[in-house]
Amino acid sequence: MTILHDGVATGYFGEQLTVPAANGARRAYNIPPGMSRLMIEPTAAMRFQWTPAIRAVWFYDASAPANARWKNLTRDVYSSYHAQRVPRLINGARDASAAYPGHTQDILASMTAQDFIYVGVVAPIGGLYIEVSGANDQNQALSVAHSSGGDVFASIASITDGTDSTGTLAQDGAVTWTAPDRGSLWQARRLNDILRDPTMPRELNVYRLFWLRLSVAGTLAAATQLDYIAVLAVNAMGGVEGNEGGAILKADVEYTADIERWLPVPNNIGALEVMAQADSATTAQATWVKR
């Protein structure tokens, strides 16, 4: 393990990352709360890029009483390093069944066409990686809309839903799209400036965020359950030579990245998107450090 010369480590968490092939589906991992440094060693050459932070994930249940329609799926939306959902860390391993502030494994209560999932992010993004812990088996498609300049959500015309097999949210996967232009089309708004819903919790209207609204055309299975959501960058890595994007990491070399030095506002980083350099999947050993 690399020695920290510019600070004392007060905690760390290690995990092995699955890194998808360059021609495969996109994948991102949330930064565990409070971690400020990443040490990563890939088995084979790979790329990575930081992605924007999620500040809020809320479920609107239209069938619930007026005072219980809004469910906070992150719990610690504005109080933590970021609001990304990650399983609790127990004895150096992720505990997928335990709940703690920021991770509740929420069941979507037979989500219907009148219900919505709202995701607030700090910047425009190109997709979401969704881990599903309770699979939907109903043949329903997912729709995604974004906050716009008017008091409306504008639909994203074409999405690719990697969670869809028997229907959306049936498996882990990436939901991707071409991001609308920032400013002219996708604008940061306070959610209630758009919805004007008197039942909305006050904390939902604190910050201006780039909002997404996820919806389905019909009813999902009663046990449909999300484990976590991670952000994918506006632009995927790879592509035209000379414009591949992302930092390139060589095989069997340990790299260190200070999260708080990567952007002027470190809290705006929420996840790590990874991709193999070759057309075959690989792995990487990651150690997250708190100091």
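**Close-up views of the predicted model**

**View 1. Confidence along the chain of the predicted model.** Among the elements of the protein, the lowest mean pLDDT, 37, belongs to strand β7 (residues 88–90), while the highest, 96, belongs to strand β13 (residues 159–161). Over residues 1–5 the pLDDT is below 50, and this stretch has ten contacts in the model beyond near neighbours in sequence. The pLDDT also stays under 50 over residues 76–104, a segment for which the model has 93 contacts beyond four places in sequence. For the protein, the mean pLDDT is 81, and 80% of its residues reach 70 or more. The model as a whole is a prediction, and the views below should be read as such.

**View 2. An open sheet of four strands with antiparallel pairing.** The strands follow the order β2-β19-β4-β17, and the edges are formed by β2 (27–30) and β17 (247–249), each of which pairs on one side only. Neighbouring strands of this sheet are turned against each other by 35° on average, direction ignored. In general, strands of a sheet pair through backbone hydrogen bonds, in either the parallel or the antiparallel sense.

**View 3. The pairing of β2 with β19.** Strand β2 and strand β19 (residues 269–276) run in the antiparallel sense and are paired over four bridges. Within this part of the sheet, Asn30 stands opposite Ala271 in β19.

**View 4. The aromatic pair of Tyr118 and Phe153.** A search of the whole structure finds seven aromatic pairs, and the one formed by Tyr118 and Phe153 is tilted, with 5.7 Å centre to centre and 55° between the planes. Because Tyr118 lies in strand β9 (residues 116–121) and Phe153 in strand β12 (residues 153–155), the pair ties together parts that are 35 residues apart in sequence. Tyr118 has 3% relative accessibility and therefore counts as buried, and Phe153, at 12% relative accessibility, also counts as buried, the cut-off for this class being under 20%.

**View 5. The aromatic pair of Tyr129 and Tyr228.** This pair is likewise tilted, with 6.3 Å centre to centre and 45° between the planes. Tyr129 in strand β10 (residues 127–134) and Tyr228 in strand β16 (residues 225–232) are 99 residues apart, and their pair links distant parts of the chain. Both Tyr129 and Tyr228 are buried.

**View 6. A cluster of aromatic rings.**

Notes
Residues are numbered from 1 along each chain as its sequence is written. This is a predicted model: local features need pLDDT of at least 70, side-chain atom pairs count only at pLDDT 80 or more; totals for chains, interfaces and linings use all residues. Side-chain values use heavy atoms; hydrogens and water are left out. Two strands pair if DSSP finds at least two bridges between them. Helices (H or I, at least four residues) and strands (E, at least two) are DSSP runs, numbered from the N terminus. Axes are lines fitted to C-alpha atoms, for helices over the stretch in contact, and angles run from 0 to 180 degrees between N-to-C directions. Rings of Phe, Tyr and Trp (its six-membered ring) pair if their centres lie within 6.5 Å; planes under 30 degrees apart count as stacked, over 60 as edge-to-face and the rest as tilted. Buried means under 20% relative accessible area, exposed over 50%, partly exposed in between (1.4 Å probe, protein chains only). pLDDT is the predictor's confidence in each residue, from 0 to 100. Contact means heavy atoms within 4.5 Å.
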